[in-house]
Amino acid sequence: MTLANIRNPDAHPDIVHPPGTSAHREPQGGNYGERLNKLRAAVLGANDGIVSVAATVVGVAGATTDRGAVALVAAAALAAGALSMALGEYVSVSSQKDSQNALIELETRELEEMPREEFDELVQILREKGMSEETAKAAAADLTEHNALKAHLDFELGIDEEDIPSPLGAAIASALAFFGGALLPILAILLPPAGLAVPVTFGVVLLALAVTGWLGAVLGGSPHRLRAALRLVAGGALALAATFAIGSALGTGAMG
Ligand SMILES: [Zn+2]
């Protein structure tokens with residue numbers, strides 16, 4: 001094994017992490033895995049928008065035939081859901097970013113204070129990846145000379161410094177995904193003639209959930225696509241039936 005081989009990533013396919021294997025440790029599976037995760041997050045966000053807003057508007061439609069009231073509640077549910085998604089995502093990605101930055105600081109300090117131990121650590125990691133002692137030492141020397149911090153973050157912690165997530169970007173993306181999903185049930189409950197609004201909404205929502213369930217399974221690399229779609233459709237049907245029943249009961253109670 002020569003150093004030229006080590007520099008050639010194709011000679012070491014096992015160093016490259018498979019894409020899409022994990023949402024949080026996605027060091028260098030390339031942008032492909034990263035993009036896949038983002039798409040998957042978008043599908044999940046859209047799902048939330050579909051289910052929570054559909055359940056809300058169907059519940060209100062069970063209680064009242066007043067379209068103005070349904071539209072008002074739909075707008076409120078849309079805003080509340082999108083904002084709470086954004087906030088939740090902002091908080092979660094911020095703490096992920098904080099912990100990554102803390103690890104980067106720690107690693108930087110360790111490299112300054114105990115470069116020898118850190119070098120041995122890198123050699124050990126490379127040996128565990130299947131390199132011989134000799135090759136691992138040569139590779140570690142190369143990596144350390146090139147960019148010691150980058151090598152340690154990558155091999156030891158699975159962090160890519162250029163790929164620290166943006167809390168604001170994640171928050172906006174998840175709010176938009178929720179918004180996009182929520183539009184479906186809102187249009188479905190407001191556009192059809194009065195008597196058809198609830199059945200049309202059920203149909204549109206369950207169909208949409210079948211699609212997002214299937215898509216989510218595809219993007220998540222799960223082979224059980226039909227099962228994922230059915231699970232989501234069944235859960236959605238249950239949620240809609242429950243809020244419609246509650247709305248109907250409360251509506252009758254209030255009027256009677
Ligand atoms: Zn280290």
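Colleague: What share of the contacts in the chain with a separation of 6 or more comes from residues 24 or more positions apart?
Modeller: Such residues account for 68% of those contacts, where two residues are in contact if their C-beta atoms, placed from the backbone, lie within 7 Å. The model is predicted: local features need pLDDT of at least 70, side-chain atom pairs count only at pLDDT 80 or more, and totals for chains, interfaces and linings use all residues. Residues are numbered from 1 along each chain as its sequence is written.

Colleague: How many helices and strands are there in the chain?
Modeller: The chain has eight helices and zero strands. Both are DSSP runs numbered from the N terminus, helices being H or I with at least four residues and strands E with at least two.

Colleague: At what angle do H3 and H5 pack?
Modeller: Helix H3 (residues 67-113) and helix H5 (residues 133-157) pack at about 125 degrees, their axes 10 Å apart. Axes are lines fitted to C-alpha atoms, for helices over the stretch in contact, and angles run from 0 to 180 degrees between N-to-C directions.

Colleague: Which residues of H3 make the contact?
Modeller: On H3 they are Leu 103, Ile 104, Glu 107, Thr 108 and Leu 111. H5 contributes Ala 148, Leu 149, His 152, Leu 153 and Leu 157.

Colleague: Turning to H7, how many residues has it, and what is its reach?
Modeller: Helix H7 (residues 197-219) has 23 residues and reaches 32 Å from its first C-alpha to its last. That is close to the 33 Å expected at 1.5 Å a residue, the expected span being 1.5 Å times one less than the number of residues.
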